[in-house]
Amino acid sequence: MAKKTKVKKTLVDQILDKAKIPHDSLDFNGLDAQSPEGVEPSDIFKTLALKGDKTGPIIGIVPITEHLSEKKLAKVSGNKKVTMIPQRELEKTTGYVHGANNPIGIRQKHKFPIYIDNIALELGQIIVSAGELKRSIRIDSQALADFVSAEFADIKE
């Protein structure tokens with residue numbers, strides 16, 4: 001009989017466990033074409049790092065099926081303009097490579113303002129990166145927002 005291989009917990013899993021915040025660890029990346037059974041693409045959210053002209057780095061979280069509205073994010077965050085952080089500066093700014101950015105890890109290291117699109121509240125649970133490529137977590141959207149001090153806003157196009 002084959003041994004069941006235990007999946008090593010990511011730092012994000014460990015942080016959430018320590019804070020006693022319920023979540024599910026998923027062994028896939030939201031950018032993959034193949035999602036686990038029962039997971040709709042609209043449940044998967046991407047964590048985008050931008051730079052505001054007044055605030056500096058800022059985080060926007062929207063479904064992978066949608067586009068972030070830089071104009072709406074700028075307005076809600078008190079900036080005149082926000083722009084995506086170039087990929088070559090991403091790891092230096094957030095501590096994560098492209099595809100592994102996550103609100104929990106970013107909030108632990110930095111106190112960047114975080115905005116989650118309102119649709120996450122309607123869904124109840126969302127899936128975000130767990131801080132490593134091909135690893136994600138499913139978490140209650142309000143619990144996530146409370147933990148990372150995020151605001152809900154209309155930020156998708």
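In strand S4 (82-84), the bridge partner of Lys51 is Thr83, where strands are DSSP runs of E of at least two residues, helices are DSSP runs of H or I of at least four residues, and both are numbered from the N terminus. This contact between strands belongs to the antiparallel pairing of S2 with S4, which extends over three bridges; two strands are taken to pair if DSSP finds at least two bridges between them. The model is predicted, so that local features are given only at pLDDT of at least 70 and side-chain atom pairs only at pLDDT 80 or more, whereas totals for chains, interfaces and linings use all residues. Residues are numbered from 1 along each chain as its sequence is written, and side-chain values use heavy atoms, with hydrogens and water left out.

S2 also pairs with S3, in the antiparallel sense and over eight bridges. Lys46 has Val62 of S3 as its bridge partner, and a hairpin of three connecting residues leads from S2 to S3. Six of the eight residues of S2 are buried, so the strand is largely enclosed by the rest of the structure; buried means under 20% relative accessible area, exposed over 50%, and partly exposed in between, with a 1.4 Å probe and protein chains only. Thr47 lies in S2 and counts as buried, at 10% relative accessibility. Leaving aside residues up to four places away in sequence, Thr47 touches Ile59, Gly60, Ile61, Asn101, Asn102, Pro103 and Ile106, contact being defined as heavy atoms within 4.5 Å.

Helix H2 (residues 70-77) has Leu73, Ala74 and Ser77 as its buried residues. They cover an arc of only 100° around the axis, which puts them on the same side of H2; the arc is that of the directions from the helix axis to the C-beta atoms. Lys71 and Lys75 are exposed, on the face of H2 turned away from its buried side. The packing partners of the buried residues of H2 are strand S2 (45-52), strand S3 (56-63), strand S4 (82-84) and S5.

A separate description applies to the open sheet of three strands, which has the order S1-S7-S6 and antiparallel pairing. Strand S1 (23-26) and strand S6 (125-129) stand at the edges with a single partner strand each, so one side of each is left without a neighbour in the sheet. From one strand to the next, the twist averages 25°. S1 is joined to S7 by four bridges, the two strands running antiparallel, and Ser25 has Ile137 of S7 as its bridge partner. Between S6 and strand S7 (residues 136-140), also antiparallel, there are five bridges. Within this pairing, Ser129 is the bridge partner of Ser136, and Ile126 stands opposite Ile139. S6 and S7 form a hairpin with six residues between them, and Gly131 in the turn has a positive phi of about 95°.

Helix H6 (residues 141-148) lies across S6 and S7 and runs at about 95° to S7; axes are lines fitted to C-alpha atoms, for helices over the stretch in contact, and angles run from 0 to 180 degrees between N-to-C directions. Ser141, Leu144, Ala145 and Val148 of H6 are buried. Seen down the axis of H6, these buried residues fall within an arc of 95°, so they line one face of the helix. They pack against helix H4 (103-109), strand S5 (114-117), helix H5 (119-123), S6, S7 and strand S8 (151-153).

Lys109 lies over the face of Tyr96, at 5.1 Å from the ring centre; a charge sits over a ring if NZ of Lys or CZ of Arg is within 6 Å of the ring centre and within 35 degrees of the ring normal.

Over the chain there are six helices and eight strands, and the pattern read along the sequence is α-β-β-β-α-β-α-α-β-α-β-β-α-β. Of the 157 residues of the chain, 45% count as buried. Among contacts between residues at least 6 apart in sequence, 62% join residues at least 24 apart.
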